[in-house]
Amino acid sequence: MSTATPTVAETGGLASDSGASSSVPRKTPILLGVITVLLGAAVLLGSQDGDTTFRLATRADFVQLPNLVVPAEATALVAVVLMALVAAESTRRYVAGRRTPLWLISVYSVVAMFGFLSWAAAGGTVPVVGLLGGSLALAVPLVFGALGGVLGERVGVVNIAIDGQLLAGAFAAALVGSLAGSTWAGLLGAMAAGLLVALVLAVFAISYYVDQVIVGVVLNVLIIGITSFMFSQVLSENTEKLNSPPRFSTWDIPLLSDIPLIGPILFRQTPIVYLLYIAVAVVTYALYRTRWGLRLRAVGEHPKAADTVGIKVKATRYRTMLLAGAIAGLGGAFYTLVSVSQFNREMTGGAGYIALAAVIFGKWDPIRATLAALLFGFASNLQGVLSVLGSPVPSEFMLMLPYVVTIFAVAGLVGRSRPPAASGQPYKKG
Amino acid sequence: MTGPEEQSTTGEVDLEQAPEEETAPQGPSRFEQAMRDVVTGNALVAVLAVFLAVVVGSLMIMFTDDAVRDSASYVFARPQDFFSASWDAISGAYAALFRGSVYNTNADDFATGIRPLTESLKFAGPLIAAGLGVGLAFRAGMFNIGGRGQMLLAGAVSGYVAINAGLPGPLLLVAATVAGMVAGALWAGIAGLLKARTGAHEVIVTIMLNYVGFYLVFFALSRQSLLQTPGSVNPKSLPMPDNAVMPDLLGDRYNLHLGFVLSLVAVAFVWWLLNRSAMGYRFRAVGENPHAARTAGIDVGRTYVTVMLIAGALVGLAGTNQVLGTVPSGVTVDVDAGIGFDAITVALLGRSNPIGIFWAGLLFGGFKAGGFLMQASEGIPVDIVLVIQSLIVLFIAAPPLVRALFRLPSKEAA
């Protein structure tokens, strides 16, 4: 988070808690308390025997970290006690009129997760590298989609069509990748497809003033229709030639990939993941530190003022939407060039909507939206890992988690979020 | 919970407040005015939008047809082959669409021939009900994308009641239907309540509730104690008991069931609610301008909650329609069959007006029924219907675009 701090401070009233600064939110201590009580009840009622092993290294590691073995029930109880202490501290701060600092919440989250895993995976082994690395991989399309969404909303266009852009990207990546026999060509195809969807969205939303949410929703249906139609009618008739793109292999970054624990998680990934690092960094820097970004945000916050000082509102919106579409399209390529090397109908499974949730949960900030997307990736990967281990929590509830968290987020439990002022409003000159 | 039935008492109070439909403006001559209304009116745009969408759909059918592609390779040598192949592909597709949705011209007698029309009506029923739910929320300025979740919850709850309540005779059908509508209402009501209390955007909340509802229903369907068929491992419930199934309207030969009539009743109810009741007046006032409505003394937050409750009940009716009428063989997670999202396009095409939604539902119901035959007999994937449907809505939503394409005068110019 440290990289995000100056940018958030700089934007001040743009995206962060402008409304909450006057009064300290009482939601934080309540939320911390509720989670503590829930985990405590789970640990006490569903008592678990045995030890939990956390495997910290993979076989290929340069430095072999030893496995961490802890007694399940006792560790979980200690975690609950620690969590209760943090919740008490948060309450004390609230009474004293101070906010709970972010680092305390982070510590709380890590302890809670550790305690929960110790309890849920009793008698089994938690592959930490696999859990976190897999989360990153699952989050890739979400992060790309969320970046596209953040850019769009920051310039004043709500992009519900992220899902359509991901799906179109996945389709184009499979088709172009197969035809050219190259993953990189597939990647370009995915960007072009995302851009095309964004262009349609932009024409309707910016030039014809159609309600942006309506265009977005309808575009998603349209893309599902077109890709499914083409899949049945064209791709599946010649799978060999049209729908078997090559796959990206993992690249180990020298030196960096040998760092214990972090290396295998962050630097033993496919090139798309490295593109993701670059994209997040570039978008964040450009949005907050360049003239381009300032103009973009001005158009999204107060188009009339921007127009008055000579910024071309519609042109800025068009350019930004196209860029955002290309970025979201890249995320779609992940489905066909990394995870499965074949396109399938509706294969994004509504990931674009989760990316949209990450945009809002991340308060329209690229770094925070990325973190939110990573959190969602973690939740779905955790579900997969736990179902292998046979956890006591029904998998359906784990799968539900990102969506419930988002509802809480938009309902303001995690802090009041305010979208860019002109987001969703078409701009008519004069 | 505020059910749709309860509001009838408040409706009588200030009928005068509900303004009448716009009266026709005084024009130069009646004929000229009529012509101008036709050219600038929304009805023509709707027709042209459907036309444009069908044209694009035809092009897609044409260019993916094998015979057309073969003949396209020598189009300059023998263009007539190309055109006749194209004509075959497109006319075959739309003829199949017609035979599947209106009248089967290959049938021996009228009773068999008219069967596709009753199928269209059957598919139209839930589309109309769910479309009303989305459209009503639109009128109050709420975008209800949660149709899928509301239908799933409604279907699961009405299925649960039908299997477990054990009531005699038609009482079971009534109880199961009402329970499903209540479930849909409550699920949608969450979004209304959160918007009213915290300002949470209903688009996000309803999208998220779709997923939460899906996993909830999936959870219930994989637990024997809740909905799963005893002794089975599939996520599916027992079939509905006979007295909980919506009776067929036209006898055993046709699948058209009571659900269609319930949807018609819903159309009438929503029309009355919007145009003749004080509550509907408040809905529209909030939808037009929430700030003005608040100034005028309307409790905007409460209006959001109420409209979502009624909208959810209407979408819930579509869910019960599926479980108790169209697919009574047992609740699955496919209850909504895409209707939750189709409802949005129905509401948009119907311009959120109950009568318009009725016609839009009929049209899309016909597409649905015909699409299946098109796939079966012509090998054209049923997804083309999705494409045409969404294109229609896109064009409808942008009247200036359609006017520009057909060089019609704009509203302002007239």
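How are H5(A) and H14(A) oriented to each other? I began my notebook with this pair.

**Entry 1: conventions.** I noted that this is a predicted model, in which local features need pLDDT of at least 70 and side-chain atom pairs count only at pLDDT 80 or more, while totals for chains, interfaces and linings use all residues. Residues are numbered from 1 along each chain as its sequence is written, chains are lettered from A and ligands numbered from 1 in the order in which they are written, and side-chain values use heavy atoms, with hydrogens and water left out.

**Entry 2: H5 and H14 of chain A.** I looked up helix H5 (residues 128–154) and helix H14 (residues 313–339) of chain A, whose axes come within 8 Å and cross at roughly 170°. Helices (H or I, at least four residues) and strands (E, at least two) are DSSP runs, numbered from the N terminus. Axes are lines fitted to C-alpha atoms, for helices over the stretch in contact, and angles run from 0 to 180 degrees between N-to-C directions. H5(A) and H14(A) are therefore roughly antiparallel to each other; angles under 35 degrees count as roughly parallel, over 145 as roughly antiparallel, 65 to 115 as roughly perpendicular and the rest as oblique. Ala, Val, Leu, Ile, Met, Phe, Trp, Tyr, Cys and Pro count as nonpolar, Asp, Glu, Lys and Arg as charged, and the others, Gly among them, as polar.

**Entry 3: Val111(A).** I found Val111(A) in helix H4 (residues 102–120) of chain A. Leaving out residues up to four places away in sequence, Val111(A) touches Ala79(A), Leu82(A) and Met83(A). The C-alpha atoms of Val111(A) and Ala137(A) are separated by 24 Å, the two residues being 26 apart along the chain.

**Entry 4: chain A with chain B.** I found 43 residues of chain B in contact with 40 residues of chain A. Between them the chains bury about 3,800 Å², 81% of it on carbon and sulfur atoms; buried area is the accessible area (1.4 Å probe) that two parts lose on being put together, summed over both.

I then examined helix H8 (residues 212–233) of chain A against helix H17 (residues 383–397) of chain B, which pack at an angle of about 150° with their axes 8 Å apart. That angle makes H8(A) roughly antiparallel to H17(B). Their contact includes Val218(A) and Phe229(A) of H8(A), and Asp383(B) and Leu391(B) of H17(B). Its residues comprise 13 nonpolar, four polar and one charged.

**Entry 5: salt bridges.** Over all chains, I noted 10 salt bridges, each a side-chain nitrogen of Lys or Arg within 4 Å of a carboxyl oxygen of Asp or Glu. Between chain B and chain A the count is two. Asp383(B) forms a salt bridge with Arg345(A) (3.3 Å, N to O). Asp252(A) and Arg268(A) also meet in a salt bridge (3.9 Å, N to O). This pair links distant parts of the chain, Asp252(A) being in strand E4 (residues 251–252) and Arg268(A) in strand E5 (residues 268–269) of chain A, 16 residues apart.

Terms used: Contact means heavy atoms within 4.5 Å.
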